[in-house]
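Please open the structure in a viewer and keep the sequence beside it.

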Amino acid sequence: MRKEEKLNIIDAISAQLEETPNFYIADIAGLNAEKTYELRKACFEHGVKLVVVKNTLLSKVIEKSGNEEMMKLVPVLAGPTAIMYTETPNAPAKVIKKFNDAGSEKPLLKGAYIQEWPAFVGAESLTALYNIKSREELIAEIVSLLQSPIRNVISALENKSEEKPEETPAE
């Protein structure tokens, strides 16, 4: 690969990281064509962009970024590597977990970088990443918590209005 091609790839990865700063690093080596197709399809359905990349080029992008949390991911850049770019922090974890639960050893999580979180290194981080709530999930949870006291008050008022006053016997 010529130097210009390498620089173009580095620029493309850098631009993608600026656009989609949440990313996972995974090993997808050994997947047959059918499993690779299923993985790419699952990624597409979850809004995840999957790209196979050379470790040296990705390490140059990470070093160029100057981000200390991202720098913690450089040691995992060994062997075949795929980057999973995402807007939703837990989407790639859901895809990986789905494949692992179906009995597939791959994709194997190497590490992940989620904005404003420490870097996640190693396959054992998958559960923690899976449990991260997306922005939409957090908003829904907050709205539900805010509505809960209002529902209780409305329910109590409705119950009170449905009760019939007891008639007092006439004397």
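Accessible areas in this tour come from the Shrake-Rupley method with a 1.4 Å probe. By that method the chain exposes about 11,200 Å², of which carbon and sulfur atoms supply 55%. The model is a predicted one.

**The whole chain**

Begin with every residue selected. Along the principal axes, the C-alpha atoms fill a box of roughly 105 × 35 × 25 Å. The radius of gyration of the chain is 24 Å, whereas a compact globule of 171 residues would have a value near 16 Å. Of those 171 residues, 36% count as buried. Among the contacts in the chain with a separation of 6 or more, 75% join residues 24 or more positions apart.

Next, colour by secondary structure. The chain has 7 helices and 5 strands. Read from the N terminus on, the elements run α-β-α-β-α-α-β-α-β-β-α-α.

**The sheet**

Select the strands. In what order do the 5 strands lie in the open sheet? The order is E2-E3-E1-E4-E5, and the pairing is antiparallel. The edge strands, each of which pairs on one side only, are E2 (48-53) and E5 (120-121).

Strands of a sheet pair through backbone hydrogen bonds, either parallel or antiparallel. For one such pairing, select residues 22-27, strand E1, together with residues 81-86, strand E3. These two strands run antiparallel and are joined by 5 bridges. Within the pair, Phe 23 stands opposite Tyr 85 of E3.

**Helix H5**

Now select residues 91-101, helix H5. Which residues of this helix are buried? They are Ala 91, Pro 92, Ala 93, Val 95, Ile 96 and Phe 99. An α-helix has 3.6 residues a turn, so residues three or four places apart point the same way.

To see what surrounds the buried residues of H5, show their partners: they pack against E1, E2 and E3, against strand E4 (108-113), and against the helices H2 and H6 (126-130). As a last stop, select Gly 103, which follows H5 and has a positive phi, near 100°.

How values were computed:
Residues numbered from 1 in each chain as written. Predicted model: local features only at pLDDT ≥ 70, side-chain atom pairs only at ≥ 80, totals over all residues. Heavy atoms only, no water. Pairing = 2+ DSSP bridges. Helix = DSSP H or I, 4+ residues; strand = E, 2+ residues; numbered from the N terminus. Buried < 20%, exposed > 50% of the residue type's maximum accessible area, 1.4 Å probe, protein only. Contact = heavy atoms within 4.5 Å. Rg over C-alpha atoms; globule rule 2.2 N^0.38 Å.
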